[in-house]
Every structure is written in C-alpha cells, then in structure tokens.
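Let's take a friendly walk through a protein structure, going from one residue out to the whole chain. Keep the 3D view open as you read.

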Amino acid sequence: MNISYNWLKEYVNFDLTPDEVAEALTSIGLETGGVEEVQTIKGGLEGIVIGEVLTCEPHPNSDHMHVTTVNLGQGEPVQIVCGAANVAAGQKVVVATLGTKLYDGEECFTIKKSKLRGIESMGMICAEDEIGIGNSHEGIIVLPADAVPGTPAKDYFNIKSEYVLEVDITPNRADACSHYGVARDLYAYLIQNGKQATLKRPSVEAFKVDNHDMDIAIEVENTEACPRYAGVSIKGVTVKESPEWLQNKLRLIGVRPINNIVDITNYILHAYGQPLHCFDADKIKGGKIVVKTVAEGTTFVTLDEVERKLSDKDLMICNTEEPMCIAGVFGGLDSGTTEQTVDVFLESAYFNPTWVRKTARRHGLSTDSSFRFERGIDPNGTIYALKEAALLVQELAGGTISSEIKDNYPAPIADFTVELNYEKVHSLIGKTIPVETIKSIVTSLEMKIVNETPEGLTLQVPPYRVDVQRDCDVVEDILRIYGYNNVEIPTTLKSSLTTKGEVDYSQKLQNLISEQLVGCGFNEILNNSLTAASYYEGSETYKNENLVYLMNPLSNDLNVMRQTLLFGGLESIQHNSNRKNADLKFFEFGNCYFYNAEKKNPEKVLAAYAEEYHLGLWVTGKRVSNSWAHPDENSSVYELKAYVLNIFTRLGLNFGNVVFGNLTNDIYSTAISVHTRGGKLLATFGIISKKIQKAFDIDNEVYYAEINWKELMKAIKSAKVNFKELSKFPAVKRDLALLIDKNIQFSEIEKIAYETEKKLLKEVELFDVYEGKNLEPGKKSYAVSFLLQDESATLNDKQIDKIMSKLIANLENKLGAKLR
C-alpha cells in the first residue's frame with residue numbers, strides 16, 4: 001500500500017526523514033519495502049515551459065495545421081507546427097521543448113526536431129492530456145494573459161516532489177490500511193522513543209443539517225451481514241473536476257482522479273480506511289435504501305458492465321424495486337454519480353467481513369473496498385468518515401445537507417476485553433519491561449486501562465484491532481512498539497534434553513529412502529494437498545463421500561483435500577510430457593485426508609476426519625533411451641515392483657509377515673496389494689487404468705505405487721537392519737517344475753516355502769511360466785528356484801533332500817501341486 005509522507009504529517013507531527021519513517025515503520029511490524037521520490041505528474045513536467053504565440057499562419061501543405069513562432073522567454077523565438085484548431089497569436093501556451101520526455105501511461109516519447117508536411121518544427125504546444133494535468137484533448141492549453149513566458153511549467157502548475165512509502169500490510173492488520181491507521185502506529189513509536197508527538201485528525205464539528213428536503217429512509221433486513229449502516233443526503237451538488245490538491249494527493253498514491261464526488265470517497269478510503277459509496281439520489285426508487293439479500297440467480301450489471309448472477313448469500317444495497325450495489329464490493333452500473341447528478345446519497349457502513357469475502361470470491365472481484373471490509377474496518381469510525389465526506393462535498397461540489405444522518409446500529413460492537421498479566425508479558429518477551437512502559441505503550445495504541453492490579457491490567461481493545469483479542473496478542477503489540485532490537489540476547493541458554501521419538505525416526509527413514517530413490521534416478525515432487533473434487537467423481541476406490549471439502553475454496557480446482565497422491569503426480573507427468581519430457585520417475589511424501597460420516601461425533605469435531613502419511617512412486621516412459629551402449633527399453637511394472645520391494649528390504653520388513661495379493665479396482669488395470677498378516681494395507685502397485693491416463697492426456701503407460709508410510713512404520717517397529725559378513729559356506733539352488741491350477745499365484749507358493757523353512761531358505765524365485773499344449777485343462781506350469789544356505793556350515797545332501805521333500809509335501813497338500 002502506498003503511503004504519502006506529507007499526508008502522514010497531517011495526522012502526526014514528526015521530524016523524521018522519509019527513510020527514517022520507513023525504518024521506524026518496519027521496526028514496528030509495518031514492513032516498508034521502499035521509499036520513492038515521485039511527482040504528482042509523471043516526469044515532473046521537466047523541459048516544459050510557458051510560451052507566448054507571436055505569430056500563427058496556416059500551414060501551406062495542410063488544411064488544419066498552423067505554423068507558429070513562439071517566445072519561450074529566452075533566446076530567439078522558435079518555430080513550431082501545431083495541429084490544434086484553437087491555436088492563435090497572442091496566446092500564452094504550454095510548450096514541450098526539444099529533448100522533453102512526455103508520458104502516456106507507461107510509454108514514453110521524446111520531443112525531437114522534425115518536419116511536418118515539409119515545415120520544420122522545434123517543439124510541441126501541448127494539450128492537457130499530453131502533459132498529464134487533465135483529460136481534455138479538445139485543443140491546446142490556453143493560459144491566462146498574465147502567465148510569464150519562460151516560466152517552467154512545474155513551477156506554474158505547482159508540481160512538487162513528494163515521497164511515497166511502499167508499506168506491506170499483513171492480512172491481520174486491517175487497522176493499518178489507511179494513512180491515519182499508519183499514523184496511529186507511528187505515533188505510538190514516537191512516544192515510546194521519547195519524542196514529542198500528537199495524533200490528530202480534522203474536526204467535523206462544522207457538520208450541520210441545512211434542511212430536511214431529501215429524507216431517504218434506511219431499512220436493514222439482514223443485520224448479521226450488515227451490523228451498521230449509515231447515510232446522509234446532499235442536494236444541489238455540481239459534479240466536476242476535483243481541485244488540484246485533491247487530485248495530487250490521489251495521484252501520488254497511484255489513484256486516478258475521476259470527479260470531485262468519486263475522488264472524495266477515494267480520499268476518505270485512503271485517509272481513514274472507511275470505504276464509502278455515493279449514490280445518485282434520483283436513482284433511489286421509492287426514496288428508500290433496503291439492505292438485504294436477493295433471490296438466487298438474480299441478474300445484476302456492475303460498474304464494469306459485466307452482468308453477474310447473484311447468490312442468495314450476496315448482500316445487496318437495493319431501492320424499493322431493484323439492487324443498486326453489491327454491498328462492500330462493487331457498485332452497479334446505473335446507480336452511481338455522473339456529470340448530470342445533482343442530488344447524492346452518501347453511504348458509510350460496516351459489513352460483516354465473512355460475507356464480503358465470500359461474495360468477492362464468488363464473483364472474482366477484488367476492490368479497494370472489499371480488501372478493507374473483508375479484513376475488518378472500524379465499526380465506530382463510520383459516522384466520522386461520513387461527516388468528513390459530507391463537509392468535503394459541500395466544499396468541493398456545493399449543495400446543502402438535506403437530511404439527518406440515518407444510523408442503523410441495533411447492536412453496537414463492544415471493545416474486546418483482555419486480561420494482561422505482567423509475568424506473562426515478561427515470560428513471552430524474554431525481558432522484564434517496566435510496568436509504566438507497558439501502560440504507556442498500550443494507551444498510545446488506544447487501548448483503555450479499565451482496571452489495574454499489582455499483577456496486571458484489564459484492557460479494553462478497540463474493535464478495529466481485530467487481531468488483538470487475547471493476552472498474547474497484546475504482548476506482541478507491546479513488543480513491536482517497545483522494539484525487538486531492545487530485547488538483549490541472553491548470556492545463558494536454557495535448554496532441556498529430549499529424546500528422539502517416532503516422528504524423528506520416521507523422518508530419518510524418509511531421508512534414507514529418498515536418497516535411495518534419487519540414486520535410482522527418481523526426482524522428488526511436491527504437490528498441493530488441495531485438489532479437484534472432479535478427479536474423484538464416479539470412483540469406487542476413492543469415493544466422493546469420503547472427501548474432505550473446503551468450506552471456502554479459492555476455486556473448483558482446489559476445493560477438496562486429496563485422498564491419494566496419484567492425481568498430483570499425474571498432473572506433474574502431464575506437465576512434463578507436454579514439454580517433450582516423457583521419461584519420468586517421480587516420488588512424493590505427503591498426507592492424504594479422509595472423511596467418514598459414520599464416525600461423526602458432535603462432542604469430538606475431528607472424530608470423522610483422518611490423515612495418513614503416504615509415499616507415492618510414478619514410473620513412465622523409457623527406462624533406457626538414446627544410449628549407444630544399450631538399445632531403447634521401456635519401463636515396466638516389474639521395474640516398479642523392484643523399487644517397492646527394495647524399499648521394504650532397506651527398511652528391514654520381514655516378507656514372511658506380509659501377504660501379496662491381486663488387486664482389482666478402478667484405479668489400476670492390473671495391480672498387486674501388500675497387506676500385513678493382520679489385514680492392514682501397506683501398499684498397492686500396478687499399471688494405471690487407461691481411462692485415467694486418457695483423462696490426463698498421457699500417452700505412455702504409467703506405473704504407480706502408493707505406500708501407507710504410517711502403517712509401514714508400524715510393521716517395521718521391531719525390525720532391525722543388521723549388516724554381516726558374506727557367508728563363507730556355499731549356497732545350494734534347487735529347481736522344481738510345479739503343475740498347479742491357473743488361479744494360484746506365485747505369492748502363495750512363496751508364502752508356503754518361507755513357512756516351511758524359516759532358517760535356511762534364503763530366496764524363492766519364479767523363472768518360467770508355461771501354459772499350453774501337453775498340460776491338463778485349467779493347469780499351468782511354474783518353474784521355481786529355491787536358494788538354501790547355512791551360514792555356519794556346508795549343507796549336505798541329506799539336509800537338502802529333507803527340506804525339499806518337506807517343501808514338496810506342503811505344496812501338494814495346500815495347493816494341490818504336482819511335480820512335472
């Protein structure tokens with residue numbers, strides 16, 4: 001937000017330089033990004049002077065141009081070709097001399113010596129809009145006869161340099177969204193630093209009602225959305241250009257002057273943080289303002305000429321027949337002031353921040369008014385701002401105040417009461433601050449001390465400080481005014497011994513697995529936990545009813561919390577594939593969120609919600625490409641399986657305690673699930689379904705694995721990964737060709753094998769599968785290799801045969817397997 005240095009001085013007296021003010025504001029929490037010296041008109045009218053037209057003759061080669069000679073106050077008169085119809089000899093004019101830079105918005109052009117239709121021109125006689133002092137282009141500026149040739153235009157038009165501070169307002173500091181709000185904080189800083197200062201604002205005692213000729217009634221139907229609504233009528237105004245001082249104030253802070261009435265409302269907004277709206281009184285049908293909501297789907301055309309469909313949750317300012325304005329957000333096309341306006345109605349209100357914020361988001365609008373209303377303005381500042389605006393209207397536009405101020409404020413908003421304990425102040429700040437200093441700071445911040453004890457204070461905090469409602473908030477305010485740099489670094493360090501817990505252990509293993517995956521060519525990604533509900537429509541695996549919806553989403557693409565990491569990774573794959581980077585390996589650690597309506601409990605609000613920490617892996621494209629040493633090779637689901645099993649192995653998971661099984665759902669076309677023997681799902685991995693790939697416009701197959709990290713940590717809680725020497729004794733491999741039913745999976749054979757021999761059996765591998773001729777119907781042949789090894793002695797034939805016989809018997813009994 002732009003803050004004018006001289007404008008600040010109107011509210012608080014100080015002798016700090018602009019840079020010192022910036023430093024002071026930053027030290028008290030209003031971070032100032034920069035200080036810029038600016039002029040009320042861009043370029044400061046440098047190189048532009050007052051001239052006198054000595055001669056004016058028609059251009060010999062043009063039917064509308066004139067050739068003039070102009071006295072610039074020094075040296076010989078210069079010849080200038082002018083195309084304006086109103087140029088004439090004897091006029092005092094504004095001349096841009098050679099080398100002058102003129103601005104049109106952000107564009108800049110330099111005045112050079114040129115030939116226009118064959119006649120040399122040594123400058124330019126200017127219109128209002130060409131030098132930025134007005135909007136007219138009907139002709140050149142003709143000055144009064146007493147204007148002195150040679151006078152710099154910046155002196156004639158009183159163009160002065162000013163300093164503008166760029167203050168970054170944090171979302172909680174709605175009270176500082178104005179010059180007076182910043183001045184309040186600066187005043188507290190000055191008092192704390194021993195400087196004499198007073199905080200003041202213009203008196204409105206001159207406000208008086210001239211007559212009651214235009215009594216516009218006010219009715220507020222929705223007092224929740226509009227706790228306070230005030231207004232006053234003014235008759236007989238003249239809408240015209242604002243005076244120079246007001247235009248300059250607005251231009252300095254980046255606001256474009258429009259007309260005196262609109263400029264006054266903008267001035268009050270930036271001066272005191274109170275948004276105002278001015279209605280053309282003749283357009284208030286029925287002579288009555290009604291503050292209410294309207295029917296869902298009602299159409300309304302806003303000032304930007306866009307037709308919008310209103311919600312029944314949008315608060316509207318209406319007359320007796322139709323809506324005129326979206327309350328606190330944006331005016332209507334047909335209710336505002338124009339050059340033909342004679343009678344006006346000024347509105348000053350306090351709208352519920354939540355209502356304004358939701359309405360602004362619904363319609364994609366963000367205005368200076370909504371910015372302040374949705375953060376919370378001062379509900380007790382509406383009448384002062386209204387009186388100040390009415391007095392300015394009388395001063396700048398004439399007219400008479402033709403009604404009493406109508407103030408609808410049925411339930412006044414009370415101050416926040418805060419109990420402040422001195423010990424807590426000292427504890428949170430880390431330093432003992434004198435009681436008198438604490439009292440001085442809180443009173444300089446307009447907090448009232450209503451009770452005082454040796455232990456602390458009872459304070460009443462004004463309602464415009466929406467961010468100060470607890471004792472710790474007051475402590476923060478005390479600290480920022482006292483000065484963070486005034487709290488010394490202690491000479492002793494207070495610490496406590498801590499032990500590593502489950503979270504530390506989990507994070508250590510996350511880093512370990514991350515390094516392992518990066519070593520395998522993976523890249524880590526980090527996606528938003530917010531995602532689109534549309535991804536889950538029609539899904540049986542991740543049902544809509546289990547989604548955690550946001551109450552106030554920024555958009556429909558970010559309206560729910562994710563149930564799976566899958567879709568964020570697919571978005572990343574899509575983004576890369578569209579940029580010719582299709583060979584990808586990604587992994588991501590992140591939370592997934594679930595809602596279960598059956599667990600809903602009014603006493604435990606969070607009972608229905610669950611959060612799980614997952615690890616996702618994505619593999620797609622080619623495993624090897626463009627290599628001189630190896631032909632191109634596509635990635636496969638078996639490659640993904642190896643990565644998953646390597647993670648389990650590295651973490652010390654006992655494969656004898658898990659069960660692998662086929663998985664059929666709408667996420668994968670083919671997949672495997674991994675459960676503990678207790679039935680807890682550890683992981684799933686497989687090939688993503690064609691339907692999902694098509695939805696993301698991904699051509700290559702995507703192999704995906706999702707590991708429930710929380711359950712995996714439980715499964716390896718007692719596991720230990722030990723390093724040992726390679727065995728000195730040889731391993732023995734035995735192969736079996738097994739004839740089994742087609743519906744039997746290798747995982748079942750593997751499970752029986754490990755259960756049969758837990759000590760000496762080291763590996764079980766499937767190296768061939770045959771289905772076809774010479775086999776019984778419904779049968780298939782598995783060629784399975786078993787690796788046996790004793791780490792303390794060499795195995796003999798008797799031991800080996802005993803293990804293999806027992807293994808064959810168990811396979812025959814449990815699976816009906818036969819040796820081929």
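Is Arg 562 buried or exposed? Before answering, note that this is a predicted model. Arg 562 is buried, because its relative accessible area is 5% and the cut-off for buried is under 20%.

**Around Arg 562**

To find this residue, look in the loop between β32 (560-561) and α15 (566-577). Which residues does Arg 562 touch, leaving aside those up to four places away in sequence? Among them are Asn 527, Asn 528, Ser 529, Thr 531 and Tyr 536. Further along the sequence, Arg 562 also touches Glu 588, Gly 590, Asn 591, Cys 592 and Tyr 593.

**A helix and its cover**

Now move to helix α12, which spans residues 435-444. Its buried residues are Thr 437, Ile 438, Lys 439, Ile 441, Val 442 and Ser 444. What covers the buried residues of α12? The cover includes the helices α5 (179-192), α11 (422-429) and α13 (471-482). Strands take part as well, including β26 (416-421), β27 (448-452) and β28 (456-461).

After α12 comes Glu 446, with a positive phi near 65°. This residue belongs to the loop between α12 and β27. Most residues other than glycine have a negative phi. Arg 117 also has a positive phi, near 55°, and sits in the loop between β9 (114-116) and β10 (119-121).

The table lists some residues with their relative accessible areas.

| Residue | Relative accessible area | Class |
|---|---|---|
| Arg 117 | 45% | partly exposed |
| Glu 446 | 30% | partly exposed |
| Cys 472 | 27% | partly exposed |
| Cys 520 | 30% | partly exposed |
| Pro 631 | 59% | exposed |

Why does Pro 631 count as exposed? Its relative accessible area is 59%, and exposed means over 50%. Pro 631 is placed in the loop between β35 (622-624) and β36 (633-634).

The table includes cysteines, which brings up another topic. A disulfide is a covalent bond between the sulfur atoms of two cysteines. How many disulfides are counted here? The count comes to zero.

**The whole chain**

Finally, zoom out. The protein chain has 20 helices and 44 strands. Its C-alpha atoms fill a box of roughly 125 × 85 × 65 Å along the principal axes. The radius of gyration is 39 Å, whereas a compact globule of 820 residues would have one near 28 Å.

How much of the chain is buried? Buried residues make up 48% of the 820. Among contacts with a separation of 6 or more, 70% join residues 24 or more positions apart. The accessible surface is about 42,200 Å², and carbon and sulfur atoms account for 48% of that area. As for charge, there are 86 positive and 113 negative side chains, and the centres of the two sets are 10 Å apart.

Definitions and conventions. Residues are numbered from 1 along each chain as its sequence is written. This is a predicted model: local features need pLDDT of at least 70, side-chain atom pairs count only at pLDDT 80 or more; totals for chains, interfaces and linings use all residues. Side-chain values use heavy atoms; hydrogens and water are left out. A disulfide is a pair of cysteine sulfur atoms within 2.5 Å. Buried means under 20% relative accessible area, exposed over 50%, partly exposed in between (1.4 Å probe, protein chains only). Helices (H or I, at least four residues) and strands (E, at least two) are DSSP runs, numbered from the N terminus. The radius of gyration is taken over C-alpha atoms; the globule rule is 2.2 Å times the number of residues to the power 0.38. Contact means heavy atoms within 4.5 Å. Accessible areas come from the Shrake-Rupley method with a 1.4 Å probe; for residues, only the protein chains shown count as cover. Lys and Arg count as positive and Asp and Glu as negative; His and the chain ends are not counted. The place of a charge is taken as NZ of Lys, CZ of Arg, CG of Asp or CD of Glu.
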